[in-house]
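Colleague: I would like to go through this model with you, starting from the ligand and ending with the backbone.

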Amino acid sequence: MLEQSLVPKTLNPVGETTKTTCPYCGVGCGVLATPVADEQGKISIDIKGDPDHPSNFGRLCSKGSALGETVDLDGRLLYPSINGARSDWETTLKLVADKFNDTIKKHGPDSVAFYVSGQILSEDYYVANKLMKGFIGSANIDTNSRLCMASSVAGHKKAFGTDTVPGTYEDLEHADLIVLVGSNLAWCHPVIYQRIAAAKEQRPNLKVVLVDPRRTMTNDLADLHLAIRPDGDCALFSGLLTHLENNKNLDQNYIDNYTNGFDVALNMASNLSLENIIEQTGLSADEINQFYTMFAETQKTVTVYSQGVNQSVSGTDKVSAIINCHLATGRIGKIGMGPFSITGQPNAMGGREVGGLANTLACHMDLENEDHRNLVQTFWDAPTIATSQGAKAVEMFDKVASGDIKAIWIMATNPVDSLPNSSAVEAALEKCPFVVVSDVVEHTDTIRYANVKLPALAWGEKDGTVTNSERRISHQKAFLSAPSEATSDWWQMCEVAKHMGFATAFNYTNVSEIFKEYAALSAHQNNDTRDFDIGAYADIANDEYETLKPFLWPLTKDTAQKGNIISNHRFFAQGNFYTTDRKARFIAVEAKQSEVTEFSFPLALNTGRVRDHWHTMTRTAKTPRLSAHMAEPFCEIHPKDAQKYKIQEAGIVEVESAIGAIRVRALITDRVQEGAVFVPLHWTDQYASNGRVDKLVPPVLDPFSGQPAYKNTGVIIRPFEAKTYGFAICRELPKEINAPYWAKAKCIGGWRIEFAFAKKQDTSNLITNILGLKKDDANISFEDETSGIERFVWFNKEQAHQMEAAIFVAPTPVEVSRSWAVDLLSTRHEDPQERFRIIAGRPSQDVPDKGAIVCSCFFVGANEIADAVKAGNISVQAIGKCLNAGTNCGSCKSEISQIISENQAIAAE
Ligand code: SF4
């Protein structure tokens, strides 16, 4: 239930549902949002999956299901400010326009930049791109999507001539073999995972191969897991190309009629011997052969790839090596076949389509193509047009650091946390003369460097379109009114553009006018010379936009006139690529051994997402249920490495690279290989003392795409030799937490805090530093000098049954059930005797310890699931029946399945 004072106003009456789209990952699920009232009239937002949306058919994952818990106004940025002082929109936007104009006048158009985001909507993106490229005359606009899929864009353009995703999600259900490369679908694209799992249940002959250095939760689906060495993918797929040729599995007709360059690509691939492939991939000859045979023998094959492929120094080459195998077998654009890049963000694809990257124009046109530039400039009636590539994300902040860029506008993203070498990004922003940040959140690690803060609309308040990974454009609709002075991103940019002197070109009165212009540009002088054409909507009326249904592009005017609105278009089954000769290009890929990490940094650091958090947690950390799954930053370490580097389970570990160091919790597991570690990307200074993993990642880039290599950084680990460990829960969070290691997370009724100190602490000081409370005010306490264990509990002075805080301190990692402890905040403690149980640090015997939360929808813990398995419930369905776990969003099914495997032997005894 939302706290009433913080509830934004709903646009619809109670009970009236809005069809909208999830703002998280690139699956792009349809969502039904309905305001509901309880008996006291309190409003909350009920969220369900949209059964009519063709991307999810009613499914939602844990993040999507919890969206209703994230729309309160707690922590929101609600009014514009200049240098920390509240301002009004007119003054603020005029200042932004004047500063940009002055800077351009003195230093030229390339002295300013926009850094935008896959979180903004296509209409926002379109306006930003138009202003920067057509009116300011620079291509210094780039997006955080550069960090997640730029290598796929580069690989597509090299092979197809355009950035085209050939297939659709349906192909995954029609395939007989799905190869998942560097893609943890179970956690990062859960609804795609669920669609594949459902298809596999119906057709057990559907085989899945997982190519990933880690044994992720997605392995639950896999018939074969190839635990490849980081960056061994080029060798694996180059070897596959040779295997296909050697075994006569090629589609010679397709190669001859629709492609160029096969021989050169094959010659390059043939340079690799099996020994080279074994060496570069770390796989056995058997594993390699098994995979090659499966691929060669299965016509209906889809290769899905995401960040494990893209975020690499050889990301574009990996994409090319994968596409080569599909072109060589003619497995592209046909039902159940094709290479398939799955994007990370909700509108990464939309950003690509509008030209939100520094090296593209608009509507999939090319910045370096003079005809395209002329077409766009004329269509926009623009005074100028950028003629060469602008600064890509990492280069953009290098230019801020060097002073070449003197004014930057950052929209809906948090580069201080998400760019590599993030400490350098922080330093660059600190000395940049003019930084504008538009965001929905008042406190982020980036906004603290803003001269001007612009409050933007959040999900539920903003309105526009997004494109998902299968080219499906959906309406993300508002169902809440704009809170306080927050406004849409497109409005802010148009107002700045008007103040800069470009009123006519940015005089939109609503978002549908922008979409209409965008659709018209996509069709302008197109005639199938460009893939992106949504000309069917070039004359869209405002009320038609209001009810816009999800559709796949292309959707040309002609198609629409034939009444074929819900098209299911696939590209390239019969060639017709967007190169000059309309043929695809094979790309010769030189598979090289990945750089050997320096001796002093012997472990390969991999970074990525966890199941229930999104990016820098500005939204997901608001909800206790999403924070329950993983409550602090951690480092997965193989047991042998843990032994070698003297890391104890649940201890604190320091992870250090050549450029920085962080402190996180140690999680010892054989899910990672020996010699490798994994740290999630989500934690920021807002939620942990020192958990920003991108401080460790150097700015090493793919040479074609400019995408950073986040998946293979040399690091060393060492124990943080703590003498004091602790865990606390509290209703009110103190202003500051003072400890060399801390991490906080929301829980029902309050907050949970983990902490550690290098030295033994004076207890009174420790309590003040962590909770801001006084030791002497504690109602119950326990101090044992021999064991060093100390525990204190505070109750409400007026309502004695209500616990306010508790702290558990020990010289070793605190062994207190976290799920039991956080429940104490929402429990009535009527019996004074029972209150002493809190000091015991464990539930009474009739209240079993749930263990770590696995199912966040029903708060079911790992111990409960294990006990149910031991009692004979040895299928995910049986666990669902007996505990409800996995029966709502289903995101935890892969973890339940793993707990079943681990405990099945015990059950069978
Ligand atoms: Fe949102 Fe989950 Fe669907 Fe992704 S899979 S769009 S996060 S509901």
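**Ligand, helices, pocket and backbone**

Modeller: The model is predicted. Helix 1 (62–65) and helix 7 (190–202) each supply at least two residues of the shell around the ligand.

Colleague: How many nonpolar, polar and charged residues does the shell around the ligand have?

Modeller: Around the ligand are C22, Y24, C25, V27, G28, C29, L60, C61, K63, G64, P190 and V191. Gly counts as polar and Lys as charged, whereas Cys, Tyr, Val, Leu and Pro count as nonpolar. The shell around the ligand therefore has nine nonpolar, two polar and one charged residues.

Colleague: Is helix 11 roughly parallel or roughly perpendicular to helix 12?

Modeller: The axes of helix 11 (residues 274–281) and helix 12 (residues 285–297) come within 10 Å and cross at roughly 100°. Angles of 65 to 115 degrees count as roughly perpendicular. So helix 11 is, relative to helix 12, roughly perpendicular.

Colleague: Which residues make the contact between these two helices?

Modeller: By class, the contact of helix 11 with helix 12 has six nonpolar, one polar and no charged residues. Helix 11 contributes L274, I277, I278 and T281, and helix 12 contributes A285, I288 and Y292.

Colleague: Which residues are the closest to the centre of the second largest pocket?

Modeller: The second largest pocket has a volume of about 1,500 Å³. Of the 49 residues in its lining, 23 are nonpolar, nine polar and 17 charged. The closest to the centre are H629, L667, G851, A852 and I853.

Colleague: Which peptide bond is cis, and what is its omega?

Modeller: Most peptide bonds are trans. P554 lies in the loop between strand 19 (551–552) and helix 23 (557–561). A cis bond joins W553 to P554, with omega about 5°.

Colleague: What is phi of D381?

Modeller: D381 sits in the loop between helix 16 (370–380) and helix 17 (393–402). Most residues other than glycine have a negative phi. Phi of D381 is positive, near 55°.

Terms used: Residues are numbered from 1 along each chain as its sequence is written. This is a predicted model: local features need pLDDT of at least 70, side-chain atom pairs count only at pLDDT 80 or more; totals for chains, interfaces and linings use all residues. Side-chain values use heavy atoms; hydrogens and water are left out. On a 1 Å grid over the protein atoms alone, a cavity is a set of points where a 1.4 Å probe fits but cannot get out, and a pocket is an open set with protein on both sides within 12 Å along at least five of seven lines; lining residues have an atom within 4 Å of a point. Grid points are joined across faces, edges and corners, and a volume is the space filled by probe spheres set on the points. A residue is near a molecule or strand if one of its heavy atoms lies within 4 Å of it. Helices (H or I, at least four residues) and strands (E, at least two) are DSSP runs, numbered from the N terminus. Axes are lines fitted to C-alpha atoms, for helices over the stretch in contact, and angles run from 0 to 180 degrees between N-to-C directions. Angles under 35 degrees count as roughly parallel, over 145 as roughly antiparallel, 65 to 115 as roughly perpendicular and the rest as oblique. Contact means heavy atoms within 4.5 Å.
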